[in-house]
There are 2 protein chains.
Amino acid sequence: MEERFVDVAIIGAGTAGLNAMGQVRRAGKTFVLINGGDAGTTCARVGCMPSKALIQVAEDYHKGTHLRRYGVSGGAELKLDAPETLEYVRHIRDTLVDRVLTNSTDGLAPEVFIEDYARLLEPTLIEVGGQRIRAGAVVIATGSRPLVPEAWRAFGDRLITSDNLFELETLPASLAVIGLGVIGLELGQSLARLGVAVTGFDQLDTLGGIRDPEVLTQAKAIIGKDLPLHLGQAARIEEDGGQLRVSAGDQSVRVDQVLCCIGRVPNVEGLGLECLGLPLDRRGLPPFDNRTMQVGDLPVYIAGDVDGERPILHEAGDEGKIAGFNAARGGNTAFRRKVPIAITFCDPNLCAVGARFDELDPATTAIGQIPFAPVGRALVMGQTQGLLRLYGDKASGRLLGAEMIGAKGENLAHLLCWSITLGLTAGQMLRLPFYHPVMEEALQAALYHLYSQVDAKNSGGLLELAEIEN
Amino acid sequence: MEERFVDVAIIGAGTAGLNAMGQVRRAGKTFVLINGGDAGTTCARVGCMPSKALIQVAEDYHKGTHLRRYGVSGGAELKLDAPETLEYVRHIRDTLVDRVLTNSTDGLAPEVFIEDYARLLEPTLIEVGGQRIRAGAVVIATGSRPLVPEAWRAFGDRLITSDNLFELETLPASLAVIGLGVIGLELGQSLARLGVAVTGFDQLDTLGGIRDPEVLTQAKAIIGKDLPLHLGQAARIEEDGGQLRVSAGDQSVRVDQVLCCIGRVPNVEGLGLECLGLPLDRRGLPPFDNRTMQVGDLPVYIAGDVDGERPILHEAGDEGKIAGFNAARGGNTAFRRKVPIAITFCDPNLCAVGARFDELDPATTAIGQIPFAPVGRALVMGQTQGLLRLYGDKASGRLLGAEMIGAKGENLAHLLCWSITLGLTAGQMLRLPFYHPVMEEALQAALYHLYSQVDAKNSGGLLELAEIEN
């Protein structure tokens with residue numbers, strides 16, 4: 001078989017692969033972009049975007065049916081047409097997928113954009129669609145897919161994942177969500193609010209990856225109002241008269257469908273990574289450096305969800321850029337990665353930023369916290385549930401991390417993540433403007449609480465205002 | 001009449017006065033807190049808080065009646081019970097007023113908290129409730145009230161202001177809002193969404209204090225969908241068969257009530273400021289330094305809405321602290337004031353941060369902008385209207401200011417205001433995390449646009465990521 005040569009071969013046309021391509025193009029190198037299966041970012045196809053569309057409908061519908069306290073009647077008469085709602089969600093999804101893909105791959109010649117599955121024969125020799133491509137460097141950006149235990153496949157289309165949920169014609173009457181990480185929590189709560197009888201299961205005693213015990217207590221109480229939660233024991237599924245019975249410990253429920261959200265696995269089957277000559281871990285992944293995205297010492301780079309480290313869009317984009325930059329140069333330039341930020345778009349939002357509760361030394365860490373109930377805007381919004389916890393260095397007051405469940409968490413998380421990145425202290429943050437009446441005042445109150453516990457105090461006579469030097 | 005002496009006399013028990021009191025107490029000085037009329041912050045009594053409660057009802061009701069696109073039916077059947085809605089708004093207001101006042105004035109002896117109107121006889125001699133108080137220093141924090149032209153008072157209770165709107169038993173069928181600044185815009189849009197036939201008038205050709213012509217064009221189109229806007233000509237009111245006719249230029253409308261929002265005036269009548277021996281401006285205010293809050297060279301300080309400079313809660317709080325700090329010490333320590341931030345809580349939000357469009361030199365300023373339509377989250381939220389404009393220094397890329405109308409503007413405004421305060425450049429901001437899919441991505445897109453026009457570029461190979469030094 002004839003071999004043709006390109007500078008860089010990119011396997012995967014999702015967020016990471018497309019960002020890698022951008023860097024390779026900018027460096028003026030030749031490349032191929034290879035994609036087996038559906039092209040386009042996981043985010044827009046089956047991830048963040050359709051789920052957020054579903055969440056928006058669920059929140060608005062839920063709110064519409066609960067307007068009573070405002071002096072509005074008739075909310076109970078609101079009716080949901082599930083097939084129409086799902087059609088709407090798919091429409092939003094398709095609009096966004098098209099937008100990303102059209103911008104990125106339109107105008108690529110067929111020999112540059114190859115829509116088939118790739119296999120590595122050597123670290124830089126790829127077989128795809130009956131041809132062989134020798135590349136100066138390879139970027140692996142094949143993404144991930146939902147994990148489904150082999151035994152559960154026997155339940156056929158009654159066992160769904162985030163990959164096919166949005167393809168449903170209509171919603172089931174009852175459903176169990178197994179796995180209450182980010183995906184299971186967002187989808188489970190939304191489906192419950194759309195009228196599905198949802199029961200949640202997770203073998204761990206947590207929700208959405210929460211690690212702070214105080215936040216977890218709040219989250220269980222808040223989310224538990226939308227769906228029963230069975231945590232801490234693995235769930236089993238059995239046939240039960242045409243339906244499925246899901247059990248965990250003493251708990252058991254009969255449902256029409258099961259939404260399986262127990263995790264995601266890297267798309268590496270058939271990719272031939274064993275030819276790299278490196279040890280592969282239990283997920284089938286080779287070792288790599290997350291500052292250079294280089295795999296071992298090879299001219300091979302890995303980026304995005306396939307590597308399993310930071311499966312969110314902006315980090316996949318960063319990894320794609322780093323991988324593409326280094327692949328185009330055969331280099332290993334190291335880049336500083338971003339302060340972690342994780343948002344679960346349940347209602348209210350669940351967010352974690354920076355250092356996690358269990359990573360911190362209690363002896364040197366101060367915790368500032370505020371429940372949302374006393375925040376004026378929370379009262380006005382009718383969203384008084386929640387808790388914000390800030391972790392700071394006891395000596396300097398420097399903000400280290402935060403975890404929270406509360407309204408507008410997604411927005412507060414950005415302020416927190418930016419402040420941590422910029423190295424701000426509680427005292428410095430309290431000199432920044434907080435408008436009124438906004439949810440940012442919850443952050444302000446938590447900062448006052450944190451500040452009261454730290455050694456370093458702001459100079460001058462007023463905590464909140466800096467004196468002008470004469 | 002006998003005189004008693006205190007270190008500091010504070011006139012006004014609103015946000016500024018209460019913050020001044022906090023500083024005087026902290027300094028261990030004696031004081032009196034004097035308040036004529038309703039005590040408590042304007043914000044919670046008749047300002048931000050009840051208006052935000054009304055806005056929240058209006059937004060949720062409006063959304064409830066517009067769920068059709070989601071596959072939800074029955075929204076048109078939602079009915080609003082206006083008396084019940086107004087009762088709800090008052091309940092929220094009273095809860096918040098009580099919270100602030102109880103925390104602040106409970107436990108003050110009657111000779112310390114004097115509920116009557118004060119009059120200055122000399123700069124530091126006050127007559128109040130039949131007694132005379134000699135003070136080491138005086139803090140004037142008497143607030144402001146809606147301006148109503150004398151001639152319009154003849155229309156009785158058909159001419160309302162934000163002071164009595166929330167006391168209405170029910171909503172009128174039709175209403176004209178005269179004055180479309182922050183207050184008129186927020187209340188006018190909310191009332192329109194609650195079913196009142198609202199018509200808006202302003203003698204200036206702008207809305208909510210917008211100064212950027214591109215933002216204004218957008219705002220007129222967006223707000224104009226909720227209520228007809230007649231801008232650029234002064235409005236007249238006449239009797240018209242028991243109703244009121246409001247006219248401006250060729251435009252004319254007959255309405256049940258008029259909401260007068262043409263501005264606010266300082267509460268200085270009867271206060272005796274002429275005894276200060278300083279020239280008073282046309283509003284009756286003496287000269288003062290907004291970094292020390294000192295009035296002339298006198299042991300007199302002014303703070304909060306009465307001074308007319310920054311009539312928003314967090315600035316009134318700052319001014320109260322500065323005035324109280326200096327009054328307690330007889331000093332004139334200067335403090336650095338915050339970067340301006342202004343939010344109009346119409347839907348979508350209207351925000352201005354930092355330097356204004358008309359204050360900038362076009363020769364040295366670059367403008368980054370993005371309409372909200374292409375932002376994924378905006379599409380998901382069904383809030384694709386709006387425009388964000390960022391002003392940056394062309395050479396350095398340093399962010400100078402911003403103006404916008406768009407969803408979640410209140411949250412983006414905080415990120416912008418903090419970034420300006422911290423002196424960040426567009427390039428530095430693009431290295432901060434932006435999650436997906438969030439409205440903060442609108443800001444990210446506008447920053448890319450701004451960055452493309454500035455001279456200073458980020459060091460290293462990747463715009464968005466800093467290289468790690470070896």
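Trainee: What makes strand 7 and strand 8 of chain B a hairpin?

Mentor: Strand 7 and strand 8 of chain B have two residues between them, and Gly129(B) in that turn has a positive phi of about 50°. Keep in mind that this is a predicted model, where local features need pLDDT of at least 70 and side-chain atom pairs count only at pLDDT 80 or more, while totals for chains, interfaces and linings use all residues. Residues are numbered from 1 along each chain as its sequence is written, and chains are lettered from A and ligands numbered from 1 in the order in which they are written.

Trainee: How do you know that strand 7 and strand 8 of chain B pair?

Mentor: Two strands pair if DSSP finds at least two bridges between them. Strand 7 (residues 125-128) and strand 8 of chain B are joined by four bridges in the antiparallel sense, so they pass that test. In strand 8 of chain B, Arg132(B) is the bridge partner of Glu127(B).

Trainee: Why is each of these called a strand?

Mentor: The name comes from DSSP runs: strands are E runs of at least two residues, helices are H or I runs of at least four, and both are numbered from the N terminus.

Trainee: Which strands run parallel to strand 8 of chain B?

Mentor: Strand 1 (residues 3-11) of chain B runs parallel to strand 8 (residues 131-140), with eight bridges between them. Here Glu3(B) stands opposite Arg132(B). Strand 19 (residues 300-302) of chain B also pairs with strand 8 in the parallel sense, over three bridges, and Val300(B) is the partner of Val138(B).

Trainee: Why is the crossing of helix 1 and helix 8 of chain A called right-handed?

Mentor: A crossing is right-handed if the near helix is turned clockwise from the far one by less than a right angle, and left-handed if anticlockwise. Helix 1 (residues 15-26) and helix 8 (residues 313-329) of chain A pack at about 35°, with their axes 7 Å apart, and their crossing is the right-handed kind. The contact residues divide into eleven nonpolar, eight polar and two charged.

Trainee: What is the handedness where helix 3 of chain B passes helix 6 of chain B?

Mentor: That crossing is left-handed. The two helices pack at about 40°, with their axes 8 Å apart. Among the residues that make the contact are Leu54(B) and Ile55(B) of helix 3 and Leu187(B) of helix 6.

Trainee: How do you know that residues of chain B and chain A are in contact, and how many does each chain give?

Mentor: Two residues are in contact if their C-beta atoms, placed from the backbone, lie within 7 Å. By that rule, each side has 74 residues: 74 from chain B and 74 from chain A. Helix 3 of chain B gives the most to its side, with ten residues.

Trainee: How many residues on the side of chain B that touches chain A are nonpolar, polar and charged?

Mentor: There are 39 nonpolar, 16 polar and 19 charged. Ala, Val, Leu, Ile, Met, Phe, Trp, Tyr, Cys and Pro count as nonpolar, Asp, Glu, Lys and Arg as charged, and the others, Gly among them, as polar.

Trainee: Which strand of chain B pairs with strand 4 of chain A?

Mentor: Strand 3 of chain B does, antiparallel and over two bridges. Ser73(B) is the bridge partner of Lys79(A).

Conventions:
Axes are lines fitted to C-alpha atoms, for helices over the stretch in contact, and angles run from 0 to 180 degrees between N-to-C directions.
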